[in-house]
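Please examine the sequence and the three-dimensional structure shown below. The paragraphs that follow lead through them step by step.

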Amino acid sequence: MNCSQISLLLPPVFAPLQFGRLSRLHSQSSAALSTNCILRTSRRLFLKAKSSSATNMADGQDIVGGSLKQQIARLLEESLRVTVPEEPDVAPAIAPCQNPRFGDYQCNNAMGLWSKLKGTGTQFRGPQPIGKAIMDNLPQSEMIESCSIAGPGFVNVVLSRKWIAKSIQKMLVDGIGIWAPRLPVKRAVVDFSSPNIAKEMHVGHLRSTIIGDTLARMLEFSNVKVLRRNHVGDWGTQFGMLIEYLFELFPDGEGANEHAIGDLQAFYKASKQKFDEDPAFKERAQKAVVSLQAGEEKYRKAWTDICEISRNEFERVYQRLGIQLEEKGESFYNPYIPGVLELLSQKGLIEESQGAQVIFIEGKNIPLIVVKSDGGFNYASTDLAALWYRLNEEKAEWIIYVTDVGQRDHFDMFFTAAKRAGWLPSEDNQYPKVNHVGFGLVLGEDGKRFRTRSTETVKLVDLLDEARNKCRAALVERGRDWTEEELDQTSEAVGYGAVKYADLKNNRTTNYTFSFEQMLSDKGNTAVYLLYAHARIASIIQRSGKDIEQLKRTGSLNLAHTDERTLGLHLLQFAEIVEESITNLLPNVLCEYLYNLSEDFTRFYTNCQVVGSEEETSRLLLCEATAIVMRQAFYLLGITPVYKL
């Protein structure tokens with residue numbers, strides 16, 4: 001089955017949280033904090049953010065529910081407190097059993113505890129007796145069907161079929177939200193996409209935009225308030241040449257709009273060429289930067305016009321991809337830089353080196369430059385100001401930066417400087433914390449950086465057009481009766497979904513090869529295959545003629561068959577998979593889960609008759625639960641599901 005066999009139905013399932021799209025830049029006068037204000041509030045606000053984070057973490061430990069692994073961990077925590085009261089800080093070491101014949105989960109604490117306890121006069125004579133004591137001290141729970149000991153004290157836990165069925169039925173009635181992970185933070189910033197003004201978004205922006213959106217969605221599903229930040233490049237010396245070139249095209253300043261300017265990339269290249277070849281133009285461009293920074297109205301208006309044209313271009317791409325972002329670009333943080341640098345100077349971090357102001361980082365051959373030798377600011381000074389703002393003004397507990405791996409050294413130095421300043425704790429597992437989510441290159445089938453035949457970087461809008469058009473052509477070729485609306489909706493859902501999934505299913509740190517042929521295939525781990533699997537489930541439920549909403553209220557689940565239980569357990573593991581994916585910042589973990597879920601469903605459907613069987617009600621409910629989890633996984637990946645074959 002391929003995209004030509006899929007049609008689309010679009011009932012809203014889980015509406016994304018709403019954010020202001022590309023909010024306009026605050027004026028410098030309204031945004032700026034004085035140096036004294038920054039110095040006065042920084043310490044107080046930082047401490048408040050830190051204590052707030054600690055409170056949230058403490059609160060999170062007392063919440064009933066959470067992922068399946070968290071619920072098992074709570075039982076094991078009680079057992080460990082009784083078994084080894086002399087080791088109050090030991091945390092349960094839990095992992096899924098590698099071989100399902102032995103159990104569903106395994107507690108692996110015994111070996112580690114024995115290494116601590118032997119020679120201390122303990123009552124235990126080895127790891128296996130410790131494991132047996134952990135098993136015997138487990139509190140009674142309807143979750144657990146049986147336990148056993150294997151090897152040197154491994155405690156294998158088998159979950160109750162009735163409890164698995166009961167948990168799935170509760171989700172069917174109360175909604176997938178009850179399976180949301182419990183995270184130790186309540187407020188996060190995800191900094192992603194971040195294109196440059198006056199340059200079109202290209203394939204290189206695809207990974208940051210898609211990965212960042214997925215991480216934001218997973219955090220939002222986990223009940224974290226997410227500030228989606230688009231840190232666009234809207235400030236700097238390049239605006240001098242852009243403004244001067246705009247003045248040449250429109251001397252009176254009128255008519256400067258996207259229709260008149262046309263291709264932004266061509267506009268940027270033309271201005272850069274003139275800057276490089278015309279000394280008089282170069283001099284005017286350099287003066288224009290000074291005028292812009294001084295706030296002269298004519299230059300501010302030209303800068304605003306250029307930014308607005310770029311925003312409109314970006315917005316069209318974001319709308320097609322279903323991306324929500326709030327813009328806070330480099331210009332927003334520019335007024336904060338002097339005060340933040342003064343704060344760092346007072347802490348003795350900034351030194352002079354070859355005319356520049358720098359922060360030396362231990363283990364690095366070159367320092368972090370925060371003020372260039374000509375007195376200008378740079379990425380590091382902007383990033384430090386942005387971090388200060390996010391910690392102190394926005395009260396973020398977790399700040400995630402999504403950029404290519406080539407910027408890893410910059411972020412390592414920048415984060416180290418923030419730790420030296422006391423803005424961040426020294427340990428990476430404490431809050432507030434920061435992470436750089438690096439990603440590899442998008443390659444062409446020749447193994448080189450993905451480009452057009454003319455060696456130009458591929459524009460993102462062209463790539464999306466091609467994905468949609470290829471899918472549309474395949475739909476038409478199948479010869480089915482399609483309305484224009486069905487063709488448009490289905491080709492966009494499958495085409496854009498295929499592009500996203502082909503990226504997200506890979507470990508983000510590696511390069512991957514972009515291939516329309518592979519991503520639009522209906523075989524293997526592709527979006528087309530998964531969308532078809534979901535559409536097939538919807539078709540099964542529809543063919544039954546039963547009111548699935550009524551069945552949720554009146555029917556019951558019974559996981560008697562081995563394949564029913566396997567599928568049910570896989571569904572229950574959804575929360576811990578999302579938790580693992582967001583904790584490790586690896587969307588491919590969720591993709592692997594989704595693919596394996598579809599495989600488990602296929603095995604169940606092959607071996608267990610649904611429609612017309614004695615177990616029809618129970619199995620229809622299991623089908624519906626699978627479809628709900630698949631839809632939520634699609635939503636977290638930014639993919640629109642298809643519902644009807």
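How many disulfides does a search of the whole structure find? The search finds 0 disulfides, a disulfide being a pair of cysteine sulfur atoms within 2.5 Å. Cys 623 illustrates the result, because its sulfur lies 9.8 Å from the closest cysteine sulfur, in Cys 608, which is too far for a bond. Cys 623 is also buried, with a relative accessible area of 0%, and Cys 471 is likewise buried at 0%. Here buried means under 20% relative accessible area, exposed means over 50%, and partly exposed lies in between, with a 1.4 Å probe and protein chains only.

The model is predicted: local features need pLDDT of at least 70 and side-chain atom pairs count only at pLDDT 80 or more, while totals for chains, interfaces and linings use all residues. Residues are numbered from 1 along each chain as its sequence is written, and side-chain values use heavy atoms, with hydrogens and water left out.

The chain as a whole may be considered next. It has 25 helices and 14 strands; helices (H or I, at least four residues) and strands (E, at least two) are DSSP runs, numbered from the N terminus. Of the 645 residues in the chain, 53% are buried. Among contacts with a separation of 6 or more, 76% are between residues 24 or more positions apart, where contact means heavy atoms within 4.5 Å.

The interior contains nonpolar cores. A nonpolar core is a set of buried Ala, Val, Leu, Ile, Met, Phe, Trp, Tyr and Cys residues joined through side-chain atoms within 4.5 Å. The largest core has 155 residues, of which Ile 168, Leu 219, Leu 463, Phe 574 and Leu 590 touch the most other members. Helix H25 (residues 616-637) supplies the largest share of this core, 14 residues. Beyond its neighbours within four places in sequence, Leu 590 is in contact with residues including Met 218, Phe 574, Ala 633 and Leu 637. A second, separate core of 38 residues includes Phe 332, Leu 368, Ala 386 and Phe 411.

Helix H5 (residues 127-136) shows how a helix may be covered. Its buried residues include Pro 127, Ile 130, Gly 131 and Met 135. Their cover includes helix H3 (68-83), helix H4 (109-117) and strand E3 (144-150).

Which order do the strands of the open sheet of 5 strands have? The order is E7-E6-E5-E11-E12, with parallel pairing; two strands pair if DSSP finds at least two bridges between them. Strand E7 (326-327) and E12 are the edge strands, each pairing on one side only. E11 and E12 are joined by 7 bridges, and Asp 404 stands opposite Phe 439 in E12. Helix H15 lies across E5, E6, E11 and E12, running at about 150° to E11. Such angles run from 0 to 180 degrees between N-to-C directions, and the axes are lines fitted to C-alpha atoms, for helices over the stretch in contact.

In the loop between helix H16 (408-420) and strand E12 (433-439) is Pro 432, and the peptide bond from Tyr 431 to Pro 432 is cis, with omega near -5°. Gln 354 has a positive phi of about 55° although it is not a glycine, and Lys 395 also has a positive phi of about 55°. Gln 354 is exposed, with a relative accessible area of 80%, whereas Lys 395 is partly exposed at 27%.
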